[in-house]
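Biologist: Could you take me slowly through this model, and tell me for each label you use what it rests on?

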Amino acid sequence: MRKALYFEKKGEGRVRCLLCPKRCVIEPGRAGFCRARINRDGELWTYNYARCAALHLDPVEKKPLFHFYPGHTVLSLGTVGCNLACAFCQNWQISREDAPTVEVTPEDAVEMALARWAGDRCVGLAFTYNEPSVWFEYIMDTAPLAHERGLKNVLVTNGFIAAEPLADLLPHIDAFNVDVKGMTPRFYPRVCRGLLEPVLRTVETVYRAGRHVEVTNLLIPGENDSEESIRALVDWLAGVGEDIPLHFSRYHPDYRMTRPATPRATLERAREIARARLRYVYLGNTWRPGDDDTVCHACGRTVVVRAGFRVLEVRLRGNRCRYCGTPVAGVGWEAAAGEDPAE
């Protein structure tokens with residue numbers, strides 16, 4: 001265990017956690033909502049420091065990040081716990097249960113990523129699978145070590161984090177994928193036991209800070225897939241930055257939600273709406289040709305051809321469209337063409 005950051009003492013042995021907007025008041029011997037932070041003798045301690053529940057070498061496209069070192073891999077690590085409780089969670093075995101873990105120190109994680117650099121085009125570390133912000137202290141120890149060794153850091157997050165911890169985290173993270181789960185006022189409290197506004201603020205903060213950010217929206221039939229909800233998401237995101245890639249992902253039944261999978265027509269309509277205001281729109285969990293391709297927003301030609309998580313062809317010169325010369329937003333396009341990502 002490691003003493004937690006971001007808490008205050010409330011008297012009578014209680015503490016208030018200040019890491020996420022829930023601001024849990026935790027009684028002695030009890031854990032907060034995320035189950036990863038425990039009141040021990042009137043102070044807050046992390047239960048999951050260096051406890052790794054999932055460790056894989058993934059394509060960066062799987063995060064999904066399509067405009068950050070395409071065609072590369074990231075060493076992906078996850079722990080236990082989450083500060084939301086989404087009824088449709090696809091990683092509930094580690095986010096809502098106390099899954100088996102192994103110890104992976106910050107030094108171990110960096111060395112494993114470096115060992116993968118040459119043969120697997122590993123660009124760095126991704127904190128993912130469960131909600132990584134509940135692993136805050138571990139990330140704050142690990143990410144600077146990765147930077148010192150020339151690696152990148154990725155955060156795949158629900159965005160439900162307080163402003164001050166996010167500000168402290170920003171210098172150490174190179175790319176974010178933020179899951180914006182729905183745009184109607186009732187969706188987050190009812191389906192995810194959270195709030196929408198802090199998530200939107202996270203995306204806005206990351207973008208204004210100049211960090212690379214992409215957004216994912218899992219479309220669930222009858223929950224967040226109305227045209228009104230899709231337009232609200234698109235209009236808000238376009239107001240933040242029209243060059244932020246948006247991934248509409250196909251839902252399938254999981255955990256406590258049994259609704260049928262998202263119809264193809266819903267995904268195609270969402271893409272049509274989004275392309276009117278955003279430059280880069282993708283469909284995920286579909287495995288159809290074209291859904292994962294990057295299209296130049298100026299000339300409409302395909303500049304990156306993908307098959308699922310694999311990059312098949314890059315039709316760029318540097319970061320510019322080969323056909324019309326228009327810049328394509330993102331980081332690491334030169335590396336995608338085969339150059340050394342460290343240069």
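Modeller: The secondary structure of this predicted model comes to 10 helices and 21 strands.

Biologist: What makes a stretch of residues such as 294-295 count as the strand β17?

Modeller: A strand needs a run of at least two residues, and β17 covers 294-295, so this run meets the cut-off for a strand.

Biologist: How do you know that β17 pairs with β18?

Modeller: Pairing asks for at least two bridges between the strands, and 2 bridges join β17 to β18, residues 302-307, so the two count as paired, and they run antiparallel. Across this pairing, Val 295 has Thr 302 of β18 as its bridge partner. The sheet they belong to is an open one of 3 strands, in the order β17-β18-β19, with antiparallel pairing. Because β17 and β19 (310-314) each have a single partner strand, they stand at the edges, and one side of each is left without a neighbour in the sheet.

Biologist: Why does the radius of gyration of the protein agree with that of a compact globule?

Modeller: For 343 residues, a compact globule would have a radius of gyration near 20 Å, and the protein has 20 Å, so the two agree. Along the principal axes, the C-alpha atoms fill a box of roughly 65 × 45 × 35 Å, and 55% of the 343 residues count as buried.

Biologist: Why is Cys 20 called buried?

Modeller: The label is given under 20% relative accessible area, and Cys 20 has 10% relative accessibility, so Cys 20 counts as buried. The value for Cys 86 is 9%, so Cys 86 counts as buried by that cut-off too.

Biologist: What lies around the largest cavity, and what volume does it have?

Modeller: The count comes to 3 cavities of 30 Å³ or more, and the largest cavity has a volume of about 110 Å³. It is lined by 13 residues, and the closest to its centre are Cys 17, Cys 20, Cys 24, Cys 34 and Arg 37. By class, this lining has 8 nonpolar, 2 polar and 3 charged residues.

Biologist: What makes Lys 63, one of the residues nearest the centre of the largest pocket, a charged residue of its lining?

Modeller: Lys belongs to the charged class, and Lys 63 is among the 40 residues that line the largest pocket, so Lys 63 counts as charged there. Gln 90, Asn 91, Val 156 and Asp 179 also lie nearest the centre of this pocket, which holds about 1100 Å³ of space. The elements that give two or more residues to its lining are β12 (152-157), β13 (175-179), β14 (212-219), β15 (246-250) and β16 (281-284). In all, the lining divides into 16 nonpolar, 15 polar and 9 charged residues.

Biologist: How does the lining of the second largest pocket divide by class?

Modeller: That pocket has a volume of about 160 Å³, and its lining divides into 6 nonpolar, 4 polar and 2 charged residues. Among the lining residues are His 67, Tyr 207, Arg 211 and Asp 243.

Methods:
Residues numbered from 1 in each chain as written. Predicted model: local features only at pLDDT ≥ 70, side-chain atom pairs only at ≥ 80, totals over all residues. Heavy atoms only, no water. Helix = DSSP H or I, 4+ residues; strand = E, 2+ residues; numbered from the N terminus. 1 Å grid on protein atoms, 1.4 Å probe; cavity = no way out; pocket = protein on both sides within 12 Å on 5 of 7 lines; lining within 4 Å. Points joined across faces, edges and corners; volume = space filled by probe spheres on them. Buried < 20%, exposed > 50% of the residue type's maximum accessible area, 1.4 Å probe, protein only. Rg over C-alpha atoms; globule rule 2.2 N^0.38 Å.
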